[in-house]
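Student: I've got the model open and I'd like to go through the labels one at a time. Can you tell me what backs each of them up?

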Amino acid sequence: LPRTPGLRLQVASGPAWQGYFGLQLRLTVDRPSRLPAGTTAWLALVEQIPAGAEGSTLPRQLVRSVAGPLPLAGLRAGRPFSHLQALRWPEGARPERLQARGWLEARDGRVIAMAADRCD
């Protein structure tokens, strides 16, 4: 994705706890008008499955849970805006392989920005 000047998207995740993972999406823009009308935010919990695991010779990324669309009402210039969401992972997923992903999506389905809590 091309970078959008004046826009910063961050995603963070908390520790696994009783089948849930806490995710936070944080967005800062210098002008809310940088985002097309109707833009929404999304969060996903993705399991990174390495090559050779679970019968696959290739590494895989499995989406285990999704939250969204998350509205961006209240977004103000220069002020951090955030969503905090607890997502449950399904039985069989391994919490140590989970990663948070977040993205901004325009009304027409275009992805405007993406972020991950860590890069593997």
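Tutor: Strands here are DSSP runs of E, at least two residues long, numbered from the N terminus. By that rule L25 sits in strand β2, residues 20-29. Keep in mind that this is a predicted model.

Student: Why is L25 called buried?

Tutor: The cut-off for buried is under 20% relative accessible area. L25 has 0%, so it counts as buried.

Student: What is L25 in contact with, beyond its neighbours within four places in sequence?

Tutor: Contact means heavy atoms within 4.5 Å. On that basis the list for L25 is L9, Q10, A41, W42, L43, F81, S82, H83, G102 and W103. Take F81: it is 56 residues away from L25 along the chain, yet the two C-alpha atoms are separated by 8.2 Å.

Student: Which side chains of β2 point to the face that is buried?

Tutor: F21, L23, L25, L27 and V29 point to one face and are buried.

Student: What makes β2 and β5 partners?

Tutor: β2 and β5 have 8, in the antiparallel sense, and L27 has F81 as its bridge partner in β5. That gives an open sheet of 3 strands in the order β1-β2-β5, with antiparallel pairing. β1 and β5 are at the edges with a single partner strand each, so one side of each has no neighbour in the sheet. From one strand to the next, the twist averages 15°.

Student: How many aromatic pairs are there, by the rule used here?

Tutor: There are 2. One is F21 with W89, at 6.1 Å centre to centre and 70° between the planes. Ring centres must lie within 6.5 Å, and planes over 60 degrees apart count as edge-to-face, so F21 and W89 form an edge-to-face pair. F21 is in β2 and W89 in the loop between β5 and β6, so this pair ties together parts 68 residues apart in sequence. Both F21 and W89 are buried.

Student: Why is the pair of W42 and W103 called stacked?

Tutor: Planes under 30 degrees apart count as stacked. For W42 and W103 the angle is 5° and the centres are 6.0 Å apart, so the label is stacked. W42 belongs to strand β3 and W103 to strand β6, so parts 61 residues apart in sequence are tied together. W42 has 18% relative accessibility, so it counts as buried. W103, also at 18%, counts as buried too.

Student: What makes the link between Q48 and Q99 a polar contact?

Tutor: The N or O atoms have to be within 3.5 Å, with one able to donate a hydrogen and the other to accept it. The side chains of Q48 and Q99 are joined at 3.2 Å, so the distance passes. Q48 lies in β3 and, at 17% relative accessibility, counts as buried.

Student: Which residues touch the most other members of the largest nonpolar core?

Tutor: L7, L9, L27, L35 and L104, out of 27 residues. Each of β1, β2, β3, β4, β5, β6 and β7 supplies at least two residues, and β2 gives the largest share, 5 residues.

Student: Last one: which peptide bond is cis?

Tutor: The one from G68 to P69, with omega near 5°. P69 is in strand β4.

Methods: Residues numbered from 1 in each chain as written. Predicted model: local features only at pLDDT ≥ 70, side-chain atom pairs only at ≥ 80, totals over all residues. Heavy atoms only, no water. Helix = DSSP H or I, 4+ residues; strand = E, 2+ residues; numbered from the N terminus. Buried < 20%, exposed > 50% of the residue type's maximum accessible area, 1.4 Å probe, protein only. Pairing = 2+ DSSP bridges. Axes fitted to C-alpha atoms, helices over the stretch in contact; angles between N-to-C directions. Core = buried A, V, L, I, M, F, W, Y, C linked by side-chain atoms within 4.5 Å.
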